[in-house]
Amino acid sequence: MKRVFSGIKPSGHLTLGNYLGAVRRWAAVDQYRADALFCIVDLHALTVEHDPARVRRLSRQAATLLLAAGLDPERCTVFVQSHVDEHARLSYLLECVATDGEMRRMVQYKEKAARERDRGGSVRLSLLTYPVLMAADILAYGTDEVPVGEDQTQHVELARDLAVRFNQRYGRTFVVPRATHPEVAARVMNLREPGSKMGKSDDVGPGIVYLLDEPDVVRRKVMRAVTDSGREVVHDSAGQPGIANLLEILAACTGGDPADLSGVHASYGALKRDTAEAVVELLRPVQARHKELCADPGYVAGVLRDGAERARAMARPTVDAAYRAIGLLPAVSDTGADTGVDTGAVLNAAR
Ligand code: AQP
């Protein structure tokens, strides 16, 4: 069975972009077809200025929403990154394989660092290095596939590069993963700025639909989406990015193809009305289940506790093998050879 790993960062409230680009697929497809792990990657939320109480609150909320979206702890492992030390342990080893130039080329680093500097703030070192931590998140589990939105492609490529490099230098230790994306809505754009991704930590709030937005708030945001200067409702990402974004969202909500929706609506207003209603209906069951789960925080905490235990047991053999492969002396007596790595056995044990 394939191993799947993906994560979500508690850096803001979950958005429609998170749902259509990642979470919906995790719940509808990945947990059924693979041995799947889904992680609240809380350490990644510390790479920019943060409020500790808010990160804690958002971590709980993200976990509750993942379960509300349909992740079933009987079928997949749901856990919090900081509960499993193996992520940080492995991250340091991978930093010893990655290069500084490689990190500085990361688009998200360049964009976020520029934003921090514009605000007059300082750039945390972790903002530069977190893609290595993300590689560790993925590689620790012998992951084959990483279901993500398009924005994460470069980071998964880095994980692949580091896995290949490590294996070449120190012996085959890691599975080389690959990213998978949804066919539609792999990059949902901000409704007010269709040139920018709908990101949960963005400043342009009115252009972001949050999973917990009330129906009327969703309607208002969609009805006020920026449209383009043309009048025809056609799918043309380059010429009409605002309309193309709405068509992608509508198609993703209704299970269609955005190109097939070209010409169906007589006006921008009609498209917006249909899109708003489709989003409201899509979110309705998630919001209802979220409300139920909020009444039972002990259940969510239990899922996370069990998930962390399972995840630890899955990650430890691979991370221990990487420690031995790279040349670190085992803390306890080890009967293995000098390298300490029986790579085939480790890869199998991790799966
Ligand atoms: N707009 C989006 N369209 C499609 N997929 C998206 N994802 C995020 N935004 C979109 C996918 O959701 C998963 C979790 O994302 P994340 O928590 O890593 O990042 P974020 O929601 O984009 O949050 P931030 O804080 O605003 O992060 P940055 O600025 O780093 O992007 C991922 O699979 C992601 O692809």
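User: What is the distance from an oxygen atom of the ligand to an N or O atom in the side chain of Asp151?

Analyst: First, a caution: this is a predicted model, where local features need pLDDT of at least 70, side-chain atom pairs count only at pLDDT 80 or more, and totals for chains, interfaces and linings use all residues. Residues are numbered from 1 along each chain as its sequence is written, and side-chain values use heavy atoms, with hydrogens and water left out. A polar contact is a pair of N or O atoms within 3.5 Å. For the Asp151 side chain and the ligand oxygen, the distance is 2.6 Å.

User: How much of the ligand's area does the protein bury?

Analyst: Accessible areas come from the Shrake-Rupley method with a 1.4 Å probe. Alone, the ligand exposes 660 Å². The protein buries 96% of that.

User: Which helix gives the most residues to the shell around the ligand?

Analyst: Helices are DSSP runs of H or I, at least four residues long, numbered from the N terminus. The top contributor gives four residues, and it is α1.

User: Is Asn18 buried or exposed?

Analyst: Asn18 lies in helix α1. Buried means under 20% relative accessible area, and exposed means over 50%, with a 1.4 Å probe and protein chains only. Asn18 has 17% relative accessibility, so it counts as buried.

How values were computed
A polar contact is a pair of N or O atoms within 3.5 Å; within protein, one must be able to donate a hydrogen and the other to accept it, and residues adjacent in sequence count only if both atoms are side-chain atoms. Helices (H or I, at least four residues) and strands (E, at least two) are DSSP runs, numbered from the N terminus.
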